[in-house]
Amino acid sequence: MNNQILVIPGITDAPTLACIARSRKYGQYCKAVADALAGACPFCNPDPTYNVPVEVGSAVRMRVQHCRPPEKNTRLHFLIIPRQHVKSITSLSDEEWLEVQHIIFELGAKFGFEFSGILIRNGDATQSAGTIQHLHIHVMIPDGTGRVESPFCKTPEEEAAGVARAIVFEKMRQGMPFESLSLDEQALVKDRLA
């Protein structure tokens, strides 16, 4: 991969561009761009049609939603999100941590799982392979069909591949039909259009 640069009209903040470039799917990319252009945090003011909420009785200080898009090979993938805009776990109170524990227990009872993988990217999302600069806790339940991975850090090659894919997504967002992309560009995104 060469050193391509993602250019999105109206967005010049480098950390925002870095997070947007990590979008795995075209729909996620378009939502991230729309949120950035509006100056909106998708977790502070969630769109319930995209950020599908999950009702959990103990969720008072936290929101719970289905992850979109879920990690590959997961049967279920939830996000537990502080209602206050924070980036670090050090900003959470003891009561909030206790609520997270109760939520995980309640999710297991409601959706019938006794095990899960829990991932927290703490602090600056640009340094931890994150896509949103708002603390959130992933609760993932594998479906048994393959390895479940969610990176804490990406190699320079993986980051460059994400930027190349985002550049193609941006062409499409600007109105270029998939069929008009070069064959190499089509190959970058063909399995990521959902």
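Reader: What should I know about the model and its numbering before I start?

Author: The model is predicted, so local features need pLDDT of at least 70 and side-chain atom pairs count only at pLDDT 80 or more, while totals for chains, interfaces and linings use all residues. Residues are numbered from 1 along each chain as its sequence is written, and side-chain values use heavy atoms, with hydrogens and water left out.

Reader: Which residues have the most contacts inside the largest nonpolar core?

Author: The general idea is that nonpolar side chains tend to be buried together in soluble globular proteins. A nonpolar core is a set of buried Ala, Val, Leu, Ile, Met, Phe, Trp, Tyr and Cys residues joined through side-chain atoms within 4.5 Å. Buried means under 20% relative accessible area, exposed means over 50%, and partly exposed lies in between (1.4 Å probe, protein chains only). Here the largest nonpolar core has 19 residues, and Phe78, Ile80, Ile103 and Leu107 have the most contacts inside it. Two or more residues of this core come from each of β1 (62-66), β2, α3 and β4 (137-142). The element that gives the most is α3, with four residues. Another core, of 18 residues, lies apart from it and includes Ile20, Ala21, Ala32 and Ile167.

Reader: How are the helices and strands assigned?

Author: They are DSSP runs numbered from the N terminus: helices are H or I with at least four residues, strands are E with at least two.

Reader: What does Leu107 touch?

Author: Contact means heavy atoms within 4.5 Å. Not counting residues up to four places away in sequence, Leu107 touches Val54, Val56, Val64, Phe78, Gly112 and Phe113.

Reader: Is Leu135 buried or exposed?

Author: Leu135 is buried because its relative accessible area is 1%. It sits in the loop between β3 and β4. Beyond its neighbours within four places in sequence, Leu135 is in contact with Ile81, Pro82, Val86, Lys87, Ser88, Ile89, Leu92, Ile120 and Arg121. Leu135 and Arg121 are 14 residues apart along the chain, with 7.2 Å between their C-alpha atoms.

Reader: Which side chains make polar contacts with that of Ser88?

Author: A polar contact is a pair of N or O atoms within 3.5 Å; within protein, one must be able to donate a hydrogen and the other to accept it, and residues adjacent in sequence count only if both atoms are side-chain atoms. The side chain of Ser88 makes such a contact with the side chain of Thr90 at 2.8 Å, and another with the side chain of Asn122 at 3.4 Å. Ser88 lies in the loop between β2 (74-82) and α3 (94-111), and counts as buried because its relative accessibility is 18%. Leaving aside neighbours within four places in sequence, Ser88 is in contact with Asn122, Gly123 and Leu135.

Reader: Where is Ser58, and what polar contact does its side chain make?

Author: Ser58 is in the loop between α2 and β1. Its side chain makes a polar contact of 2.5 Å with the side chain of Glu106. Ser58 also touches Glu99, His102 and Ile103, not counting residues up to four places away in sequence.

Reader: How many cavities of 30 Å³ or more does a search of the whole structure find?

Author: Rolling a probe the size of a water molecule over the atoms shows where empty space is left. On a 1 Å grid over the protein atoms alone, a cavity is a set of points where a 1.4 Å probe fits but cannot get out; a pocket is an open set with protein on both sides within 12 Å along at least five of seven lines; lining residues have an atom within 4 Å of a point. Grid points are joined across faces, edges and corners, and a volume is the space filled by probe spheres set on the points. The search finds one cavity of 30 Å³ or more. The largest cavity holds about 60 Å³ of space. Its lining includes Lys87, Arg121, Gly123, Gln133 and Leu135.

Reader: What does Gln133 touch?

Author: Gln133, in the loop between β3 (117-120) and β4, touches Pro15, Cys19, His85, Lys87, Gly123, Asp124, Ala125 and Thr126, not counting residues up to four places away in sequence. The side chains of Gln133 and Asp124 are joined by a polar contact of 3.2 Å.

Reader: What is the volume of the second largest pocket, and which residues are closest to its centre?

Author: The second largest pocket has a volume of about 190 Å³. It is lined by 13 residues, of which Pro53, Val54, Arg63, Val64 and Arg83 are the closest to its centre.
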